Amino acid sequence: MTEKPRAADPGTSGSTPGGSAPTDDGPRVVIRDNRKLGRTEETPAAADAGADVPAEGLVEESEVVVDEIEAEATALDGPAPTGPPVVDAPAQPVDGSATGSPLGAELEALRAELDERTRDLQRVSAEYANYRKRVDRDRGVVQEQATGSVLAALLPILDDLDRAREHGDLVGPFGTVAEQLTTALGKFGLTPFGEKGDPFDPTRHEAVAHQTSPDVDEPTCVQVMRRGYLLGERLLRPAMVAVADPE
């Protein structure tokens, strides 16, 4: 009768056909990060703690990389200044004319052109102001001349009204119309002058008769033959008078 081979004893060393790798209850050797670490045994608690803590070799390699990066940054930046902080002074304008650079020459040319344009603008402004004053003055003169021409054409009518008043014919409605006409013409600046007893003024009176009189101390208008008229300050027509000189 043939006997069947028996299973190998787990406690024995060596290997048997079809058997598993032998187990060793003694100290174990763990190789981690190219270093040989000896451990007698691992407990479940230590295994769980190692899962949360990074490998010691990885921490050391990370520290070495950080140190190398800091060393390179320090070499690029140079040594840190040991003195007080340096404050940049405000930039000063550069006078290109002093250095003779092309930029300075161009700047001087632009300044000269700006001064010339400024003088031209001031001259044009002054000329325009004078032009406006001259236009306003000429407009006033033209208006006064036009008004004077119309009033001068009405002066003979006023002379007839004066003669009618002297003879007492200007009464009733005709007198009212004459007064209204005189008032309306006065609104345009027409002012009559020339009364008996006025001192003779050659710039305003036209002497058509001359005599002497012991009753006067200076040349005096003793008779007014036609009244004169002023338009504002301008003489529209002189008064026609007879003058008496002192004896």
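## Close-up views of a predicted model

**View 1. Surroundings of Y229.** Y229 touches L155, L158, D159, D162, L190, T191, P192, F193, L235, L236 and R237, leaving aside residues up to four places away in sequence. A contact means heavy atoms within 4.5 Å. This is a predicted model: local features need pLDDT of at least 70, side-chain atom pairs count only at pLDDT 80 or more, and totals for chains, interfaces and linings use all residues. Residues are numbered from 1 along each chain as its sequence is written, and side-chain values use heavy atoms, with hydrogens and water left out.

**View 2. The largest nonpolar core.** Eleven residues make up this core: L151, L155, L158, L161, L170, A178, L185, L190, Y229, L231 and L236. Two or more residues each come from α4, α5 (173–186) and β6. Helix α4 supplies the largest share, four residues. Apart from this core lies another, of six residues, among them F193, L230, A239 and V241. A nonpolar core is a set of buried Ala, Val, Leu, Ile, Met, Phe, Trp, Tyr and Cys residues joined through side-chain atoms within 4.5 Å. Buried means under 20% relative accessible area, exposed over 50%, and partly exposed in between (1.4 Å probe, protein chains only). In soluble globular proteins, nonpolar side chains tend to be buried together.

**View 3. The sheet β3-β6-β7.** Three strands in this order form an open sheet with antiparallel pairing. The edge strands, β3 (190–193) and β7 (234–237), each pair on one side only. From one strand to the next, the twist averages 35°. Strand β3 is joined to β6 (residues 228–231) by four bridges, and the two run antiparallel. L190 has L231 in β6 as its bridge partner. Helix α4 (residues 102–166) packs on the sheet and touches β3, β6 and β7; its direction makes about 45° with that of β7. Two strands pair if DSSP finds at least two bridges between them. Axes are lines fitted to C-alpha atoms, for helices over the stretch in contact, and angles run from 0 to 180 degrees between N-to-C directions.

**View 4. The sheet β4-β8-β5.** This open sheet of three strands has mixed pairing. Its edge strands are β4 and β5, each pairing on one side only. The twist averages 25° from one strand to the next. Strand β4 (residues 205–213) runs parallel to β8, with eight bridges joining them. H205 stands opposite A239 in β8, and A207 has V241 as its bridge partner there. Strand β5 (residues 220–226) runs antiparallel to β8 and is joined to β8 by five bridges. Here Q223 has A242 in β8 as its bridge partner. Strand β8 (residues 239–246) is mostly covered, with six of its eight residues buried.

View 5. An unreviewed UniProt entry places the feature "coiled-coil region" at residues 107–134. UniProt positions follow the numbering used here, feature names are shortened, and annotations may be inferred rather than shown by experiment. Over residues 107–134 the chain is 100% helix and 0% strand. The end C-alpha atoms of this stretch are 41 Å apart.

**View 6. The protein chain overall.** From the N terminus on, the elements run β-β-α-α-α-α-α-β-β-β-β-β-β. Helices (H or I, at least four residues) and strands (E, at least two) are DSSP runs, numbered from the N terminus. Of the 247 residues, 14% count as buried.
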